[in-house]
Amino acid sequence: MNRWCKILNLITVAILITSGEVQANEPKDHFISGQLNLDNSWNRVVYLSHIPTFADMYRMSSDMIIEKATLDASGHFKIKTGYLPVEDQLYRIHLSKKNDPPASLIIGGQDENHIFVITGRNSDFEILGKGDEGVFRNIAISGSAANRAFQVINEAASYLDSGDFSGSSVKREFITKAIYEKLRFMADTSTHPLTSLYAIYSSNFESNHTQHPEYYEAYLKKWRDEKSSYFTAFRNQIPLPSSGSKDLSGIAIALGFLIIGLAIGWFVFSRKKKTDPLVALSVQERKVFEMIQNGSSNKEISEEFNIGLSTVKSHVSSIYAKLEISSRKEAMNLK
Amino acid sequence: MKKLFQVFSITLLTMAMSVGSCLAQTNHTVLNMDRKIDLNGDSTTEEIKIEVQKGTSGLEMAISSVIRSGSLTIEIYNPNGEKKGNFSVGGQLKPSTIDRNKKDGGGKSEVANGRITKYIENPQLGNWVIKIIPERAEGGVSITSRQSYDD
């Protein structure tokens, strides 16, 4: 009995130790948390949507919404991130106005209803609304360097619309180019792939990448190991650097085939010319040549065709020249 | 009495000068455009041009849409053809399966709203273009634009 009690105790202790280890190894919950200043015109629900590429940032449909959380009376909320992919991806947090459906997107103005965040399964950061001018117009993000960098890029890009461009169009062009240059610099110096790529998208790369091919070639090379959907979409929009050399090699191959074809054609044609020398003779000259091969004299040829002797001699000279022979004997031996 | 009259006159004159100087400082003329477009399963792209002439100090565009089915993309281009704003909204269910009575965000309503407001100071001269690109969209679009001038 005592022995069985001891065994039972050992088993119980083993179970307790094991369950303690399991609890210690359970992953800690991670959240996006925050506090927003809302007035009564907003529903007190915050939504999280997944943004698969930068081109989808301003797309809204209900199937993009993956999570929602309720804001308490003071505007606090918490969104769990424990089920999200491990790698950082782009998401959108938004609210909807009363009388608007959950899938509603407001861009610009006092009622702008969203903010973009970069997060992954193990991210924790906090979003704090500051001031009363719009829910998302004055936001502080703590605990995430990538998201703070995201905000800085937004501020730089927003100057394109709100900057003072009074004066000539040349001034506008200079300022715009300077902002794009700054954004490309930010992209180049950023160590986080998504913030770096976002800076590129904000620099209007679609309309200026052909003016800076070496920059984009180096950029693609720098991030060649990034396999995310964001970089895949970006690579599809930028022509690959090697496509130029591929075109050139294709042209070279085509030219090579053309030269070979021409050489073969010339060779075949020249051989055909040699095996059938009579092709070069005119109809009359052929008739004269046949009579020469039969041993006829110039006088006999003249009487046969009722042509003058000098004409016969002229035909004979032409025949000799075309067939590259110099006597009647050679003409008779020619087959 | 005479002194009182003098004080009153000076006060009145000062007030008149202040009002006059305020009126002389700022004098904006605002041009409006309001347009509403109904979409009934349309897939035809439409372009709306907003001409900005010399002297325009500000251009405001507000485009809002409600889509019950299909999808709608709105794009704003400056006179250089550069895209300066865009959004896409779309319900994912086919028209016949939409439950139009569910509006409380219970998860089954597929209505989607989109709104964009852009204000550009000293906008580029020329035609700004708003492209409306529906894809079997049912719903509506409302476009408002205002231009302000310094006289």
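Which residue in S5(B) is the bridge partner of Leu105(A)? Gly114(B) is. The notes below start from that pairing.

1. **Basis.** This is a predicted model: local features need pLDDT of at least 70, side-chain atom pairs count only at pLDDT 80 or more, and totals for chains, interfaces and linings use all residues. Residues are numbered from 1 along each chain as its sequence is written, chains are lettered from A and ligands numbered from 1 in the order in which they are written, and side-chain values use heavy atoms, with hydrogens and water left out.

2. Strands pair if DSSP finds at least two bridges between them. Strands (E, at least two residues) and helices (H or I, at least four) are DSSP runs, numbered from the N terminus.

3. **Extent of the interface.** On chain B, 25 residues are in contact (heavy atoms within 4.5 Å) with 25 residues of chain A. The two chains bury about 2000 Å² between them, 42% of it on carbon and sulfur atoms.

4. The rule finds one salt bridge across the interface. Asp100(A) forms a salt bridge with Arg115(B), with the closest N and O atoms 2.4 Å apart. The criterion is a side-chain nitrogen of Lys or Arg within 4 Å of a carboxyl oxygen of Asp or Glu.

5. **What chain B contributes.** Strands S4 (83-90) and S5 (112-121) of chain B are the elements that give two or more residues to the side touching chain A. S5(B) gives the most, with ten residues.

6. **Asp63(A).** This residue sits in the loop between strand S3 (59-60) and strand S4 (65-70) of chain A. Asp63(A) counts as partly exposed because its relative accessibility is 46%; the class lies between buried (under 20%) and exposed (over 50%), with a 1.4 Å probe and protein chains only. Asp63(A) and Ala103(A) are 40 residues apart along the chain, yet their C-alpha atoms are separated by 8.8 Å.

7. **Helix H4 of chain A.** H4(A), residues 193-202, is mostly covered: ten of its ten residues are buried. Among them are Leu194(A), Tyr198(A) and Ile200(A). Just after H4(A), Asn204(A) takes a positive phi of about 60°.

Terms used:
Buried area = accessible area lost by both parts, 1.4 Å probe.
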